[in-house]
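Colleague: I am new to reading models. Could you take me through one, feature by feature?

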Amino acid sequence: MSRVSFLLLMAVMASALYLVRTQYESRSLTTEIDRATSLARNLETENDRLDVERRAQATPLRVEKLAREQLHMRTITPAITQYATVAGSVASAEVRP
Amino acid sequence: MSSRSVQYTSSPLLASKTPIWRSQFIVAVIAAGFLGLVARAAYVQVIDNAFFKRQGAVRFVRTLDLPANRGRILDRHGNILASSVPVPSIWANPEDIERDPAKLKALAKLLGMSSADLDKKLQDEDKTFVWLKRQVDESVAKDIAALKIKGVYDRKEYKRIYPEGESVAHVVGFTNVENLGQEGVELTFNKALGGKAGSRRVIKDRLGRVVEDIGEMVPPVDGEDLQLSIDSKVQYFAYEKIKESVVTNKAVAGSVVVLDVKTGEVLALVNYPSYSPGKRGNLSGAQLRNRALTDTFEPGSTMKPLVVGLALEKGIVKPETLIQTAPGKLQMGTATITDAHPHGVLSVNEVIQKSSNVGTVKIALQMQPHDMWEMFTQVGLGQKPQVPFPGAVSGKVRAYKTWRPIEQATMSYGYGLSASLFQLAQAYTVFAHDGEMVPMSLVKTNQAVASGARVLSVQNATAIRNMLHMVTIQGGTAPKAQTMGYSVGGKTGTAHKVEGKGYASKKYRGFFVGIAPIDNPRIVVAVMVDEPTNGAYFGGDVAAPVFSQTVQQTLRMMGVQPDMAVKPQVVTKVEKESF
């Protein structure tokens, strides 16, 4: 009888120690997850920020300024545009005199 | 030498007989002590357990706010018009700040404030939190961190960034420092854009790391992205052109509205003067005003096509019907209606082309006031436009029962009622959309062709478009509205500005509302220039050129092929390279 009690006692002790260990592991994993989530969030906001920055570099205002000043380009007019119509498509070119 | 009279082995104290109650008393005291402990344990663990649990939790459980991202505002092609990015805000704890004069002086300089102002913020030592400056640049925050002042910290906050700047300012609006919409779309769609913050309860350890989640997390709901119907390129181009026109004509302000007639979407809505939504120091009311929607004026001659359209619909006239407008004057009671030049006999087509007041009035007086009122209402005059904008006005069209004949006459050429530029553009979509009034939308609709209530028959809408086209060719009032490659049609308007109770003698408003391409319309463009003072003030001179340039660029960007012959200047022959 006392043998069984002793075995059970040992089992309880082992289980208790295992519980402590598991809890410790679970906590450190939670910390890891938390760190990873906040990193993900930071990367996401960084991505958003860079998106905005990229857009700010490509606004029509800046593009036109650079095109005119650095590349010496001029505004397109129909006179300098070649219009191509795909053969077989409904041609919308109804040219008026 | 003394002898031992008492032996250790037989102490009289021990030998004395102890009363039994003493040992019983001790046992009872110890038992009572244990009972007390048991009772206390029962109290802590069973009876008032909740309280102790709560107290424990207060010491290690933290509630973390999970902020929701504010949605972005995009244009029709997905370009960002507004987005939130995290920026540092500087705060301090006056209770334990390190008060080193040299360092504080450097800090004040970095924050862009005087040392006195900084001291004022830090003087209340009972406080533990004071904002020093919110939403500073990343570089400034780094410099401040480099000063290593104890008690000064930074914290991330979201700031709205508007990469397109001035050109879309009136459409997009802006938010305040708390991320709440204050103007424009930011205000109207504040709820949808804002999202909902979440929260999470956690246990933190000694080092401040999260070690355990408690209960369920309430996840944050990010704000939805909002895609507008605005085309940022058209918007920018229209802004540049109206700005140029306002500056060269020495005007007070100007607006442009571009509508897609097939879908009813607003492609551009521009006002000048404008502001940069990111830098809002020294803003004036004039800059903030979304004139295209909030300023009403008498639409003048731009009303004539609506009246003639109604006359065609009622069968009163035909486009070729001749009307005597000589001698360019018409007496009505005490009032005289005059034309700028006497024209003689004009067809209805020419009444519009030459913008004859007398001709229009003669047509209008054959109609019932009720019919005219109904026409005006059907095209949206006197009613708030459906576009969701703060401060959009409805203009004024009085109830037809109160119209006197002279008022019916003046209304037919656009005096005695008022409308905003947006309403005028909207009214002209009736002609452009083959007689149907399509609902307007500021949000991208993703539909190819919208349909709406029929106001005019297809045939009559085409007839009016033909008249509008005549306005822009030789003999019309707005040849400057012509574009290279695209046929256009439209109507000029020039109105005296109302000042106090009467008309200001030398203050005008020139405008132009037009359609392009005229045979298969894609866009309606309305342009208004307020108080041009550099000589020219007719709508045909100040507004029509802006219309022309805007139409040409917009149609090209939409990929519409020119419908008129253009002498090409494209170099197609390529000389063979010699080598």
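Modeller: We go from the overall outline to single residues.

Modeller: This is a predicted model, where local features need pLDDT of at least 70, side-chain atom pairs count only at pLDDT 80 or more, and totals for chains, interfaces and linings use all residues. Residues are numbered from 1 along each chain as its sequence is written, while chains are lettered from A and ligands numbered from 1 in the order in which they are written.

Colleague: How many helices and strands does chain B have?

Modeller: Helices (H or I, at least four residues) and strands (E, at least two) are DSSP runs, numbered from the N terminus. Chain B has 21 helices and 21 strands.

Colleague: What is the radius of gyration of chain B?

Modeller: The radius of gyration is taken over C-alpha atoms, and the globule rule is 2.2 Å times the number of residues to the power 0.38. For 579 residues, a compact globule would come out near 25 Å, but chain B has 39 Å. The C-alpha trace of chain B spans about 165 × 70 × 60 Å along its principal axes.

Colleague: What share of chain B counts as buried?

Modeller: Start with the rule. A residue is buried if 20 or more other C-beta atoms lie within 10 Å of its own, exposed if 12 or fewer, and partly exposed in between; the C-beta atoms are placed from the backbone. In chain B, 42% of the 579 residues count as buried.

Colleague: Which domains does chain B have?

Modeller: Domain bounds come from an automatic or database domain assignment. For chain B, the assignment gives domain 1 (65–227) and domain 2 (232–277 + 291–557). Their centres, taken over C-alpha atoms, are 46 Å apart.

Colleague: How many residues of domain 1 of chain B are in contact with domain 2 of chain B?

Modeller: Two residues are in contact if their C-beta atoms, placed from the backbone, lie within 7 Å. Here 19 residues of domain 1 of chain B are in contact with 16 residues of domain 2 of chain B. On the domain 1 side, α7 (169–172) and α8 (184–188) of chain B each supply at least two residues. α7(B) gives the most, with four residues.

Colleague: Which kinds of residue make up that side of domain 1?

Modeller: Ala, Val, Leu, Ile, Met, Phe, Trp, Tyr, Cys and Pro count as nonpolar, Asp, Glu, Lys and Arg as charged, and the others, Gly among them, as polar. The side of domain 1 of chain B that touches domain 2 divides into eight nonpolar, six polar and five charged residues.

Colleague: And between the chains, how many residues does each one give to the contact?

Modeller: Chain A gives 27 residues and chain B gives 31 residues. On the chain A side, α1 (2–57) and α2 (60–69) give two or more residues each. The largest share, eleven residues, comes from α1(A). That side of chain A divides into twelve nonpolar, seven polar and eight charged residues.

Colleague: At what angle do α4 and α6 of chain B pack?

Modeller: Axes are lines fitted to C-alpha atoms, for helices over the stretch in contact, and angles run from 0 to 180 degrees between N-to-C directions. Helix α4 (residues 101–111) and helix α6 (residues 138–147) of chain B pack at about 175°, with their axes 10 Å apart. So α4(B) is roughly antiparallel to α6(B). Angles under 35 degrees count as roughly parallel, over 145 as roughly antiparallel, 65 to 115 as roughly perpendicular and the rest as oblique. K103(B), A106(B), L107(B) and L110(B) of α4(B) meet V140(B), D143(B), I144(B) and L147(B) of α6(B). These contact residues divide into six nonpolar, no polar and two charged.

Colleague: Where is N179(B), and is N179(B) buried or exposed?

Modeller: N179(B) is in the loop between α7 and α8 of chain B. N179(B) counts as buried because it has 20 C-beta neighbours inside 10 Å. Its phi is positive, about 70°, although N179(B) is not a glycine.

Colleague: What about H72(A): buried or exposed?

Modeller: H72(A) counts as exposed, because it has 7 C-beta neighbours inside 10 Å. H72(A) is in the segment after α2 of chain A. H72(A) is not a glycine, yet has a positive phi of about 50°.

Colleague: Which residues does a cis peptide bond join?

Modeller: One such bond joins A326(B) and P327(B), with omega about 5°. Another joins A516(B) and P517(B), with omega about -25°. P517(B) is in the loop between β20 (502–516) and β21 (523–530) of chain B.
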